[in-house]
Amino acid sequence: MATVFSQYAWLVPAFPLAAFAILTAFGRGWSRAGAWIATLASLASFALSLIIAIERIVSNAEDYVGGFDWLRAGAVNLTAGYEVTNLTALMLVVVTLVAFLVNLYSLGYMGEDERMTVFFSYVALFTSSMLGLVLADNLMILYVCWELVGVCSFLLIGFWYRKPEARAAAKKAFIVTRVGDLGLLIAILLLFWYMPDHALDFASLHNVFHTQSGIISTSITTLIALLIFVGAVGKSGQFPLHVWLPDAMEGPTPISALIHAATMVAAGVFLVVRTFDIFQASQAALDTVAIVGAFTALFAATIGLAQNDIKRVLAYSTVSQLGYMMLALGVGSTTAAMFHLFTHAFFKALLFLGAGSVIHAIHTQDIREMGGLGSRMKATAWTFGIGVLALSGIPPLSGFWSKDAILSAALEKSPWLFAVGVLTAFFTALYMARLFFLVFTGKARGDAATYARAKDAPWTMTIPLIVLAALAVVSGFVQTPMSGWLGSWLWSGEAKEHAEGVAIVASVAASLLGIYLGWLIYAKGTIRRDAVSSRLPWLVKLLERKYYIDELYELLFVRSLRGLGKALAVFDDVVVDGAVKLAGGAVAGLGRLNTRLQNGQVQTYGLVAVIATVVLVLAIAGRRFW
Amino acid sequence: MLNFNIDFTGEFFAFFLLAVCAIVGAVLAVNFTKVVHMALSLAFTFVSLAGLYVVLQAEFVAFVQVLLYVGAVTILMIFGIMMTKHQSEGQERGRPLLETLAAIGCLCLFGILFYAIRSAGFAKPDVPLPDNNTLSIGKLLYSTYAIPFELVSVLLTVAFIGAVALAKREEDQP
Amino acid sequence: MLENLPVLSLIIWIPLLGSLVVLFLPGYNARAVRGAAIFFAVVPLLLALWLYASYEPIVGGQAFAEQGTWLSVPLNAEAFGLHANVASYRLAFDYRLGVDGISLPLVLLTGVVAAMASLASVHIRKRWKTYFTLFLLLQTGMYGVFLARDVTLFFIFFELTLVPMFFLIGIWGYFGREKAANRFLVYNGLGSAVMLLAFLILIATLGFSSAETSGGTELIFSGSYDTMLANLKDPNAAAHQNSAMFLSENLKWAAFVLLLVAFGIKLPMFPFHTWMLKVHTEAPPAVVMIHSGILLKMGAYGLIRFAAFLLPVQLHASSTVLAIIGVVNILYGAVLACVQKEFKLVLAYSSVSQMGIVLLGIASLNETGFEGAIYQAVSHGLISALLFLLVGSLHERTGTTRIDELGGLAQTVPFLSGILLTAGLASLGLPGLSGFVGEFLSFLGLFSSMKALTAVGVIGVLLAAVYVLRSVLAITNGPLPERFAGLKDARFVEALPMVVLTALIVLLGIYPSLLTDLMQHGFDGLLKELQTRVGG
Amino acid sequence: MEALQTLAWSDAWYLAPELALAAATLLLAVVDLLLPGRVNRDVIGWGALAGLLVAGVFVGWHLHDLQAAADAGEQPVRNVLGGSYRVDDFGNLLKLVFLGASALILLASLGTVRREDVPIKGEFYYLFLPAVIGAMVMASSGDMITLFIGMELLGITSYVLVGVRKRSGQSGEAAFKYVVTGGTASAFVLYGMSFLYGVTGTTNLTLISQALGTALTEYRALVYVAFFLMIVGFALKLALAPFHAWAPDVYQGAPTPVTAFLAVVAKGAAFAMVYRIFLNTAFFAYADNTEVREDLFLALAVLAAAAMIVGVAGAMKQQNAKRLLALSGVANAGILLVPLTLDVTNLHSSMFSEFIYYLLAYLFMNVGAFAVLTVVSRSSGHEELSAFAGLYHRAPWTAGAMTVLLCSLAGLPVTGGFFGKLFILFGTVQTRSYWLAAILLVTTVVSYYVYFSFIRQMYMRSGETEPPATVPVPSGIVIWLCAAASVALGILPKPILDWINDIFSLSADFLTR
Amino acid sequence: MSMLASYLTLAAVLFCIGLYGVLTKRNAIIVLLSIELMLNAANLNLVAFSKYGVVPSLTGQVFSLFAMTLAAAEAAVGVAVLIALYRRRATVNVDEFDELRR
């Protein structure tokens, strides 16, 4: 049936874009007014998205595609188009909702910053690009928005530009994700030349790879899929390109919530989902995705155990959860992946915003300097607690359902992947418990005066927490083992539901065990905190230093690039320019030789002339008489 | 290649004698130490050449040679020598490098010339020169070579004016 | 209204007229001089915009083509066994102008950058009159290069840019200006000398046509580009095989290599790039805007216009080599840009890197790549002009452009910093800004034939991010040194060109069809030729 | 015995330009003697100028006559006394160049030559005239004897002219060096001519070219020797590398107008003679036996290349403006020689047009540059490059004119120098002498550096402290005339080349057949 | 060896000796005289060819007469130049005439 609102979907990104344009052009000197414009724009987007989603839920509308010619050059004929499907509608809602809440939150969080309008304009641009990414009907436009969200992320990470760490983190984020982007770019180049009619839109992709598979050889398909996955790895902070995400926490906390937890980092997952037809055509690619996802999930979770920065713990948790999603994709369950993406967006945003409130209150991010905040910041503590539980996968909170869906799918494919998933769930629960107990319970370990002043944030900051907490509780019910509504809606009826009892039991057990262990260590103190660090100091050190990956990269890439650059600089100067100078010098040398000849002695001149005569005659005429 | 199969005629003897004189004069001119001696030995060469011209049946040329070279040029040079101060050649440091290279260069040049001369097989000419050499030359000068002749007159005038202008002492010299 | 005027000639000669006007203005009246210069720089821009508006790709540029005999010199050909049926020879240098989808974007670029650079010349503090005289003269040369349709005319305009540039660098540059000016002159002179040789070979062997005169058939050697194209396609060319006039294979190769070197120097192509480092660092920023923004593009344009169109077979045979050179350019420039301490050098090496992409586009041998090359040229022109405009403004304020001495400028000069960041992002090929499109099209074009090589070249995009962010962030972010605390942000005259250039960069990034539509049929001839000669 | 063919009165008409100059010389010499010492000798200068103009009118008249003859279908050549003197378009065009150049040089020197510098000012002015006679004779004879005498007339007069700054030891030294080099060169040329005469039995170029065919079969080595000796002699006269070393010394020591004269007229005349002899005689083997011809032209080409390279390279680090221009003259001599060395093929036979066009451009740019140098060195008191420092501030218009002249010298468009070089280059390409083209191009580029060292001084060095340079009116006229002509030659070469092409034909006008 | 070759060889010898003199003799007057010797060698050539040449003719003799005249004129001017120079430098040593250099 025809759609009414879907055709106005382009307005969804247009609102924040307009806000961005207005703020950039006229926003200098405005402060709160500008912020409100951006917030209202995101609200408008949210409202429209919601209407579209509801329309689609209610009427089960057809997909809508619209757009205009964007680039005509040679064989290239690309449109800037948008496509509204159930999947995109869902993403629209998630993105706009989180964006709106984060905007609202930021009104309070960033209230004292003099560059508030700049901040909001960046956020607006990000929202717009993210929505564009979601709506894009072809890979090219998706890539364009993909890069734009990257830039916004970069801008916002480096928002506090005076801090050298922020500068470094922004740079790192941009460059590391760019590595992934290159993969995506090459994948697009490949697709362009292999696809019939150079089509890059998702409908054609679906046609070629799903409906009439076999047009493109398997090896090329695998290559394309892997390259796309490289892009996703970069964006979604999967191993080995995860290094930028924890550093990205140098940005303002709302940004961490919006970009580095809920939306942008999930774009990698979204990309794989969007191009899943290609992955499905190649088992090797799927396996890779699953293995990388599983490894990342476990790997990041272990690091999360040993971090002391509240946001970094959450960041590694994000990496870990994204790993889950990849795992889900790798085992072929897009539903599980999208489901987890959906729930994760809410509870992770919640956690970050809660962390933001804490940081806002006591101006430190080190959990070792916190403690006992639960009594001073009740709303924060409660909502944060819900988030922790949701993330840990405690039923019936949303995280439980989505994680369970993933583990079930994994178990179906391979017990090993399942085992890794369960182990990760345990670690997740453990580090989240550690985080919660260290921050909100016990005694204050930091500055007493600060502690005394700590209180809940203003309403603009609290309301988002409450809304998100509510969502963290309920959003899981869209897809339970009992009703596969989300899956059937997303993929138009091909719902295939299964729930493994083993999976449910194992994951709940692991979560509870983790939380219990955390309680024992960090709240009750039954187990000494240095129980591990005193026995296995190297292990703790290894985890604290994040397996020395950063150091390794520094050595492998940064140093070697610098070394190569220095070497080439010498080469450029000595060899390339040297050759030029040599040529110049040769002429000058000839000139000097001539100057030496000009000694003022006419007889010398004559002598040279005579010798030249002899040589000339012998060389030219002489050869005829030889 | 040096097959000197020469007809020993009278002309050859005259040539030989005069050639030796000319070469000796020239060589001596290069080797003397006193400038006047050099000039005089060169004059000797010029005279020898005049003799050769006679042998070559160019009496008028020989006459002019004596007149111009021995009579004018050499005297001019000796005037020049008189008007300037001279140290003898040998008293100064030699320039061995220059001299060696010059000698090599000249020898090579001579070698080339000699090779070229030797490689040419000259046929005996069949047309004799006119008997009345001087008259014929005179006629030529006034007919075919009238224009060069006139030009030479301009040239001599210019050389005369130029030489005087250059050599004369400036009266307003400080 | 303009249809009946020789628009192309007007575009070329109005700056020259302006140059003369400025020359005779009273020198003390800086305002009048500057005003006149800006006026005479803007008028061609307006004409170019009119041209853009009335240009139809399908029709091509015939409507605007201008043609006149400039000089036609007899070659006194003697009757020493003349060619059969030929009574006399002539060497004709015609005044031929034309515009097509390849040159029009570059003409527009020239108009924009030149107008903006004349606005940006506020930094010039001495001898304005001479400065603007030369500046306008330079513009005549640049427009001429892009509009000439006769190789000799092209060459003359090409050379015409040389002398004003020498003065502009040598008089108004920084400390090492004279050395830089010399190097520019000699190195580029060498380039044009090489080009001249190639052109003469082409004239002598490809530029002939015959005409009937009263005395019989006259053979005319001319530099007419169209004649050359026609002769190239002449199916009877084989009949001339043994003629001395025929462009033999060896000669074709010679001409191709010479053209490659000539335009490679201008481009600049590795290893001929060292001259421009000095120019970039020593010349005044407004001049570097022109230099980096337009003059380098003459290399790209020449490569396509002459090396590609006239010698397609050679282009085809050497496309791999070209692509390799392009990749080397990209990576070499990028890696070196990563380690420079002087921002101008970063930009210089980044130009090397960016121009490598143009080479890739040309090496791709397909329309996508060619259009990408032109797009990249235009885009890089705008971006580097903007960057050097910023360099000028920053240098004026801080007295330095060394990365390690600058920092935190976003605090005191947020506008400049913002524009700098935007320009930087554009230069690293961010989608949505113009830099991306050219890059993408070039890569896309080349990818059809050389996949692995393209993939290696794409690494340059990553390195671009490294060097741009490294330098831009070092300048704008981080702690602010004490002495830069009181800096003032951009004045209106500075901000105006910045905003215009930024707007164009964004516009071209958002809606690339603005430019690509122009080029649509520009490469038809070449593509057809490639197809028939080498079978696609 | 044939009837005595003597010089008829009617022949005097053909000799009119030379005769006019000779008459003017004598008249001025007498006037100079009679005039009291205090009278400014500039009068003599104006008289000499008038003599040159009269001669120019005669030459123009001859050209017109020849044109009329050609239109009437006759050979446009007048041979006097079997070619010992010859009126043809080649000669006439070159004569115009020589007369024009001399006139410009004289005009520029009026008002700049000072009595304390040149005590024999009268002689200085009128001795230009016989020198020009010599140059003209070198361009208009088909007989080696006349050519040689013309060369000597020019040479001997030049020796005197170089030495006219009697108070300066440098002038004398330059004159002496010139005498030695010039004398040696004459000896080489004469020696070479003697061989050529020997193997052909005649001094007439026509007869020589006819006889050379047989001579080659029997006396090949001697023919080689004859030509190579002449080449060496001419190379010395033309200052082709490596026979050039005397030129900077002589140019530096000579008064600047004389330097200009040597650089333009003396060089041009030597070229005229080279063209006469080599094209006329070495052309013998057009049909067969191209070996010797190739070798000779190769030798010339090598010398031309060497001259271009050495001239430019030597000038690179030269700090003395006059020596620099001398070395530039060396390079330009190489360029001027290039057309001659090119093959005459069915596509290419325009070497003379190429040559004379560049000679014309060279005339204007060189005379102009020397005129500027005279003005500048007068104001600064020395002839180093630094004399030009800040000229832009001291005399902006002169600096502008100098810039134009330098661009022409450097061969930048759109100037006569550019077009001349382009034309020559096209010749090299048509004959496929790419190596010469390459050398020509590369040296041209290096010469940018050389000539722009003037520009660096004028525009980029401070000269604000020095007083403005005054430019005498005649010099100013010459400078601007030369600059304007340089530009005009670049923009509109067509009329001149059309004209040359109309009146000149290699086989009809030049080769004595 | 024919007579002509002998004459030519003699001329070559004289020419080379003259050249050597020009190149090596310090005294300016001797240098000038050496040039005369070279010219004389050429004259000898001309006269020899005039008798024994391929086509014997008086032209050679006429040429040599002209050459002699010119040589004399050249010598005169040369000496005049030298005298003028001597007034300034008080020397006739060729190797001391090196103020103009480099």
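These are legends for a set of close-up views of a predicted model.

**View 1. Chain A from end to end.** Let's start with the overall picture of chain A. Its C-alpha trace spans about 110 × 65 × 55 Å along its principal axes. Chain A is built from 27 helices and two strands, and 59% of its 626 residues count as buried. Take the contacts in chain A with a separation of 6 or more: residues 24 or more positions apart account for 81% of them. The chain is divided into domain 1 (1-137), domain 2 (334-534) and domain 3 (551-625). How far apart are the centres of domain 1 and domain 3 of chain A? Taken over C-alpha atoms, 64 Å separate them.

**View 2. Helix H27 of chain A, and where it bends.** Now look at helix H27 of chain A, which covers residues 602-625. This helix has 24 residues, and from its first C-alpha to its last it reaches 33 Å, close to the 34 Å expected at 1.5 Å a residue. Where does H27(A) bend? Find Ala619(A): the helix bends there by about 35°. Among the elements of chain A, H27(A) has the highest mean pLDDT (90), while helix H20 (residues 448-453) has the lowest (73).

**View 3. Ala425 of chain A and its neighbours.** Zoom in on Ala425(A), which sits in helix H19 (residues 415-440) of chain A. Is Ala425(A) buried or exposed? It counts as buried because it has 31 C-beta neighbours inside 10 Å, and the cut-off for that label is 20 or more. Leaving out residues up to four places away in sequence, Ala425(A) touches Gly393(A), Lys403(A), Ser507(A), Ala510(A) and Ser511(A). Have a look at Ala510(A) in that group: Ala425(A) and Ala510(A) are 85 residues apart in sequence, yet their C-alpha atoms are 6.2 Å apart in space.

**View 4. Two residues with a positive phi.** Here's a bit of background first. Most residues other than glycine have a negative phi. His363(A) has a phi near 55°, a positive value in a residue other than glycine. You'll find His363(A) in the loop between helix H15 (334-362) and helix H16 (373-376) of chain A. Over in chain C, Leu365(C) also has a positive phi, near 65°. Leu365(C) lies in the loop between helix H14 (343-363) and helix H15 (367-398) of chain C. What about their surroundings? His363(A) counts as partly exposed because it has 13 C-beta neighbours inside 10 Å. Leu365(C) has 26 C-beta neighbours inside 10 Å, so it counts as buried.

**View 5. Two cis peptide bonds in chain D.** Most peptide bonds are trans. In chain D, though, a cis peptide bond joins Ala241(D) and Pro242(D), with omega about -5°. Pro242(D) is found in the loop between H10 and H11 of chain D. Another cis peptide bond joins Pro413(D) and Val414(D), and its omega is about -10°. Val414(D) belongs to the loop between helix H17 (396-410) and helix H18 (416-430) of chain D. As for confidence, chain D averages a pLDDT of 87, and 94% of the residues score at least 70.

**View 6. Where chain D meets chain A.** In this contact, 26 residues of chain D meet 23 residues of chain A. On the chain D side, helix H8 (169-200), helix H10 (220-238), helix H11 (246-253) and helix H13 (290-316) each supply at least two residues. Which of these helices gives the most? That's H13(D), with nine residues. The chain D side is made up of 18 nonpolar, three polar and five charged residues.

**View 7. Where chain B meets chain E.** Of the eight pairs of chains in contact, this pair shares the most contacts. Chain B puts in 70 residues and chain E puts in 59. Helices H1 (10-31), H2 (35-55), H3 (59-83), H4 (96-119), H5 (133-142) and H6 (146-167) of chain B each supply at least two residues to the chain B side. By class, that side has 56 nonpolar, nine polar and five charged residues. Chain B itself has six helices and zero strands, and buried residues make up 40% of its 174 residues. Chain B has no contact with chain C: their closest C-alpha atoms lie 32 Å apart.

Note on methods
Residues are numbered from 1 along each chain as its sequence is written. Chains are lettered from A and ligands numbered from 1 in the order in which they are written. This is a predicted model: local features need pLDDT of at least 70, side-chain atom pairs count only at pLDDT 80 or more; totals for chains, interfaces and linings use all residues. Two residues are in contact if their C-beta atoms, placed from the backbone, lie within 7 Å. Helices (H or I, at least four residues) and strands (E, at least two) are DSSP runs, numbered from the N terminus. Ala, Val, Leu, Ile, Met, Phe, Trp, Tyr, Cys and Pro count as nonpolar, Asp, Glu, Lys and Arg as charged, and the others, Gly among them, as polar. The expected span of a helix is 1.5 Å times one less than its number of residues. The bend at a residue is the angle between axes fitted to the seven residues ending there and the seven starting there. Domain bounds come from an automatic or database domain assignment. A residue is buried if 20 or more other C-beta atoms lie within 10 Å of its own, exposed if 12 or fewer, and partly exposed in between; C-beta atoms are placed from the backbone. pLDDT is the predictor's confidence in each residue, from 0 to 100.
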